[in-house]
Amino acid sequence: MKKLFLVCVFLLSIMNKTHATNPKSPDDKTGTISGKVLDATLKQPLPYVNIIIKNTKEDILTGGITSEDGSFKIEKIEEGKIIVSIQYIGYKTIRKEVSIKKGNYDINLGNIFLEEAAEGLDEVTVIAETSTIQQKVDRKVITIGKDLAATGSASELMVGIPSVGVDAQTGDISLRGNQNVRVMVDGKLSNIPTAQLLKQIPSTAIKSIELITNPSAKYNPEGMSGIINIILHKNTMVGFNGNVNIGLTHQIEAKFNSSLDMNYRNGKFNLYGSYSNNISKNRNKGFISRPENNSEQFFKFLDKRQSHLYKVGVDFYLDDKNTVSVFTTQNTSESSNNGQTDAIFYNDASFNQSQLFVSNSDNLSSQYNFDYKHDFSKEGHNIELEVDYNIFEDDRPVDFMFLLGSNEDYKDFNNTDRKSTTINLDYINPLSEKSKLELGLEARLFNSDIAYASTGDSYNNAGVLRPTPSTAFDYTRDIYSAYANFNKQFEKWSYQIGVRAENVHEDAIALSSEAASTETFKNDYFELYPSVFFTYSPSEKNSYQLSYSRRVDRPGIDQVNPIKEWSSPLISSYGNIDLQPQFTNSIEANYTRTLKDKKGTVTGGVFYRIINDDMNRALFIDRTDINSGRVILTHDNFDNTTAYGMELSSNYKPTKWWNINSSFDLYSQVQRGIAESLTAPIETATIDDIETNVDEIDNVAWNFRMFNNFSLSKTVSFTAFGFYRGKNRSLQFDRKPMYFVNLGTRVGFAQGKGTFSFNLNDVFNTMEFAFNGKKPFVQNGAFNWESNTWNVGLSYRFGGGKYRAKARKNRDNNEESGGGGFI
């Protein structure tokens, strides 16, 4: 057998030599490149690998793809020196220089073995032990390691992210102390309310979180404090594979979440699906005291929730240059909030009230997405069309029952129907190895219908008690935009300049059964949003970034909807239909230093904002019920203001078994708002005694976070997290400091495919939202929730195959978050 093999090799070599020396036609000076591409580890053929032929100037001459058996043959290549580039997503690129010339027109490269790229392996099969923070040109990227991933839901994980705040009462997210922020998942903003969505995404499903505090012109310009983009783990390996996550949290009530991700890739198809849920009960309580009328309010709430999120999609690779992708997400949610509010007036018991309410919500959110991408011959040169359609329907009846007081029981009915369509066309052209042009067009069409009715009575503008009118609020906002970005790189520095042009049309009408109370609103405006980025890297250890952008905050539905959002015996919340957008000019500078022996990095940054037509809270005394101390909470526009701050974050590994992630952020903002007060005792006050003032405060707030991860062995680790939020002020309240400590442990099993975790949250039970206020009435209070919990989690990855991912872009689609909770 050995001799026969040698004979075959000898004959083949003679045939190849004879073929290579055969004279070609004098008129035919083209050659052929052939070969076979295989996986370096599995030694299996790789189909659909890109084979790109370039000249020495890196201009693309021709190309092709490998067949099912990994082989390729590219013909009619002009003679001369060429570069053969073998490229496949998830694998390292191989470049070979060859010469097509007389006597060497037919070149067989033989077997070419591709090795998997490290980043590809990290994305699918490897989750780092500890989280890392990386400062990039236009964003800060927090890669979620096993230390952060074992915290429970995405909402709980956010507490440990630098510069991010989570309102424990409402679940609202803020960035640098500002709730005007866009929250996206994989580059898209769902119609699902943010707080609801984050509670049902397991933290183990999150790969990284991007903090885009100064977005470029390519991004929608909405959100003063920037964009938070949550990147989920993707499973696009060949064959069938997936992962499952289960988590249980408990203190007083049980909270359960789980997720299942599955993927099947074979040939030209990539089929995937996922399911996640959140089934929970949550209790919280609080009180507010008002010494001026010697009254107290006591609150108790029980929130029950069942939400289920489904996603199904397919990527179809038409050929090496054209890809079509479609997916849909469906989210169903059923929730109820049972609450009791007691208002006790110690000086006059006739004002006492005790109110029970039951709020039920049944909503459905549907998303349908289509994406087509065409790659041109030149690497990185492509055009992409994406169409995204969202539907959100919510039915929310509320029963109000009075155990004490003169009010009669009544019901409120709220129905919401929202539709949005986004169409994007993006074009990218690498003009050279060091320069790139990006162009794009976008249309965003949004409509919301909100209907409100009530069986109860209310006071009209004349102070007369009468049946509450039914109201319908129809709001439309259409935005048409275009952007251009140009990027240029040099040896040690680079720059990017861009501009986005937007034309906005807004149309709103609030129709009431009382014709006199009908309100309308129209607004049309055209704006330009420029952005500039500079980076300078004098060495591998030092990097500097400087950026500028102009942004806008458009009011959200809850902020402009004049229909009552919620109420308690002494507070009602309404939107302001005349609320105008605010515009922000932001400049930011960052510095990153790699520590000695690459044991970690330190990133420091400063930012400064100038805000025009500042949009903020306004608190008015209820003219229809002055003597009870009832107030109206809404929004309004104020004069220009400024904000500035600094951030410092680091990742340091003092030993092989100890890793530290820490961050410190400090920000200051001048806040303006309307807060009315009374010039006479509340028991005898009239409308003439109401004094309206525009208050201004200079609020300085700071936060400190520290993660410690101790690796006891290759499979066992221990984590300790500490958080401290300093005292800070708002227009109505001075919030007291808050701090807590979380502890946890993780155990790996099944050769790294599985992880078991156990966590104790708020070990010393110190979390509390406590505050003092002076306007419109002197008051103090505190709210508590189930923070002293234990959490157990299980994560397991199943299936096999090798990584072959399709890169999907991140596209933002923006909508302002709601009006918030009581405070």
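Me: Is Glu 502 buried or exposed?
Reply: In this predicted model, Glu 502 counts as buried because its relative accessibility is 1%, and buried means under 20%.

Me: With which residue does Glu 502 form a salt bridge?
Reply: Side chains of opposite charge can pair when their charged atoms come close. Here the partner of Glu 502 is Arg 554, and the closest N and O atoms are 2.9 Å apart.

Me: Which residues are linked with Glu 502 and Arg 554 in a network of salt bridges?
Reply: The network also takes in Glu 442, Arg 444 and Arg 500. Within it, the side chains of Arg 444 and Glu 442 meet in a salt bridge at 3.0 Å, N to O. Both Arg 444 and Glu 442 are buried.

Me: How many salt bridges does the structure hold?
Reply: There are 17. Another of them joins the side chains of Arg 283 and Glu 253, at 2.7 Å from N to O. This pair links distant parts of the chain, 30 residues apart: Arg 283 is in strand 17 (residues 269-290), and Glu 253 is in the loop between strand 15 (239-250) and strand 16 (254-266). Arg 283 is partly exposed, with 35% relative accessible area, while Glu 253 counts as buried at 14%.

Me: Let us turn to the surface. Which residues form the nonpolar patch?
Reply: Such a patch is read from side chains with over 30% relative accessible area. Its members here include Ile 246, Leu 248, Phe 256, Val 747, Phe 758, Trp 790 and Tyr 796, and the patch as a whole has about 900 Å² of accessible area. At least two of its residues come from each of strand 15, strand 44 (738-749), strand 45 (754-760) and strand 48 (790-799). Ile 246 is found in strand 15 and, at 42% relative accessibility, counts as partly exposed.

Me: How many helices and strands does the protein chain have?
Reply: It has 6 helices and 48 strands. Among contacts between residues at least 6 apart in sequence, 67% join residues at least 24 apart.

Me: Finally, what is the strand order in the open sheet of 3 strands?
Reply: Strands of a sheet pair through backbone hydrogen bonds, either parallel or antiparallel. In this open sheet the order is 4-1-7, with mixed pairing. Strand 4 (71-78) and strand 7 (106-114) stand at the edges with a single partner strand each, so one side of each has no neighbour in the sheet. On average, neighbouring strands of this sheet are turned by 20° against each other, direction ignored. Strand 1 (residues 30-39) pairs with strand 4 in the antiparallel sense over 6 bridges. At the residue level, Gly 35 stands opposite Phe 72 in strand 4.

Terms used
Residues are numbered from 1 along each chain as its sequence is written. This is a predicted model: local features need pLDDT of at least 70, side-chain atom pairs count only at pLDDT 80 or more; totals for chains, interfaces and linings use all residues. Side-chain values use heavy atoms; hydrogens and water are left out. A salt bridge is a side-chain nitrogen of Lys or Arg within 4 Å of a carboxyl oxygen of Asp or Glu. Helices (H or I, at least four residues) and strands (E, at least two) are DSSP runs, numbered from the N terminus. Buried means under 20% relative accessible area, exposed over 50%, partly exposed in between (1.4 Å probe, protein chains only). Patches are made of residues with over 30% relative accessible area and no salt bridge: like charges are joined within 9 Å, nonpolar side chains (Val, Leu, Ile, Met, Phe, Trp, Tyr) within 5 Å. Accessible areas come from the Shrake-Rupley method with a 1.4 Å probe; for residues, only the protein chains shown count as cover. Contact means heavy atoms within 4.5 Å. Two strands pair if DSSP finds at least two bridges between them. Axes are lines fitted to C-alpha atoms, for helices over the stretch in contact, and angles run from 0 to 180 degrees between N-to-C directions.
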